[in-house]
Amino acid sequence: MSQYQAVKGTRDIFPEEATQWKYVERVVHTLASLYGFSEIRVPVFEYTELFQRGIGSTTDIVGKEMFSFQPDPKGRSLTLRPEMTAGVMRAALQKNLLSLAPVHKLYYIGELFRKERPQAGRQRQFSQFGSELIGVSSPAAVAEVITLMMHVFESLGLRGLKLRINTLGDGADRARYREALQAYFAPFHEILDDASKERLEKNPLRILDSKNPAMQELVDGAPRLYDYLNGSSLQDFEKVLFYLAERNIAYDIDHRLVRGLDYYSHTAFEVTSSELGAQDAIGGGGRYDGLARELGSTADVPASGFAVGMERLLITMEKQGLFAALNSPGPQVSIVLQQQDLLDHALQIAWRLRKAGIKTEIDLAARSMKAQMREANRIRASYALFVGTAEYTTGNYTLKNLATSEQRTLSLDAVLQILHEPAARELLE
Ligand code: HAM
């Protein structure tokens, strides 16, 4: 055993699990493309201010969860990305994407970093897939990203997920609500925890997102943002709900849903899975019409998006038995070496088969023939190709169909032909 362990909050993904990841990633790529989203890859670290401005300095993410570092004493502070949206918007603005087309539909799969206390479903390095629809913001646009997210869940066969949805109104709605919250919390100043005291001044909405159980009763009695919405914000929300109903997407309205990032306006949503325990949020998102200006854009760049936690998605799928049918295909050929002194010759054959596009395995551990046959069956090889002295001298090799046990002795060219041409292969099957 090594004296080193993986860092707390990180984990290794071994081949069997990697197969599950690749399967989910394939579904994400396929469905994103079906909805007209194209992939974007942004850097793993950015200037720290991008996240401070974008996500909000009073959020937990910025306040205590960022991995920040200074590459040199005079350099600007950098931060490992804790989420994707700020980086994607930064990239869109930097490239001036909107001058090329009015709408950009982008999606991503990638690693994120948050200095949270690790527990089941909560890591310090984790992954998300998500999408950002940039350039227009409307009930139709946000419904589009929710629909894509729910379509991915459905395609993967997930059951029992709950979509909760809320509206955070527009800037004016939130300004009125902010005053109402300050008026409500002010008399309780003494019993507010330190974080909430600070938030009361700067951003009272964040108090509603407090994880401190001692604050819960107070938070439960707070006024609802919903009661401060103007008519057009309400209409906007109704329209989003209309689209969801039209598409048979079930939802619960949750007036307490504020989300952990500051950039949202109007619709915000979260999906939870009952298989997950305390960390039950599998994905979330919403509209973020103000983010671009927060990042220095002189024009409005409205947008909406979502992100889903890959690890939590995979935990849920595993618990629901959704990987049962997932078997990666075994190699077409397993070379079985009868004598170790023919290894170099056998390696040459393996190379020729692989160059011809035939998935080939060969034992490098000098195991007995019996052990090699056992291994060929274990990895579900379709054929065994025997290499022994007779084969070496005659140039004819025995190819055995491991499903039917039929075997034939053939030249290497004939073997290649059989494995390439289904019609010829049938002779053996
Ligand atoms: P978020 O709610 O912070 O939103 O993260 C989305 C999902 O990432 C969560 O629902 C959860 O499944 C997963 N996640 C978050 N933190 C962890 C962690 N420490 N360990 C494992 N999984 C985690 C965002 O990140 C927004 N950028 C979503 C968005 C996109 N909004 C608009 N566009």
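By class, the shell around the ligand is made up of 10 nonpolar, 9 polar and 7 charged residues, in what is a predicted model. In total, 26 residues surround the ligand, and the closest of them are Glu-83, Glu-116, Gln-123, Glu-132 and Tyr-264.

**Polar contacts and burial of the ligand**

- Glu-83 places a polar side-chain atom 2.6 Å from a nitrogen atom of the ligand, and for Tyr-264 a polar side-chain atom likewise lies 2.6 Å from a ligand nitrogen atom.
- The backbone also takes part, with a polar backbone atom of Ala-281 lying 2.9 Å from an oxygen atom of the ligand.
- The ligand taken alone exposes 670 Å², of which the protein buries 96%.

**Elements that line the ligand shell**

- Two or more residues of the shell are given by each of strand S6 (125-134), strand S10 (281-287) and strand S11 (303-309).
- Strand S10 supplies the largest share of the shell around the ligand, namely 5 residues.

**Helices H12 and H15**

- On the H12 side, the residues in contact are Ile-349, Arg-352 and Leu-353, which meet Leu-412, Asp-413, Val-415 and Leu-416 in H15.
- By class, this contact of H12 with H15 has 5 nonpolar and 2 charged residues, with no polar ones.

Definitions and conventions: Residues numbered from 1 in each chain as written. Predicted model: local features only at pLDDT ≥ 70, side-chain atom pairs only at ≥ 80, totals over all residues. Heavy atoms only, no water. Near = heavy atom within 4 Å. Polar contact = N/O pair within 3.5 Å; in protein donor to acceptor, adjacent residues only side chain to side chain. Areas by Shrake-Rupley, 256 points an atom, 1.4 Å probe, with all protein chains shown as cover. Helix = DSSP H or I, 4+ residues; strand = E, 2+ residues; numbered from the N terminus. Nonpolar A, V, L, I, M, F, W, Y, C, P; charged D, E, K, R; others polar. Contact = heavy atoms within 4.5 Å.
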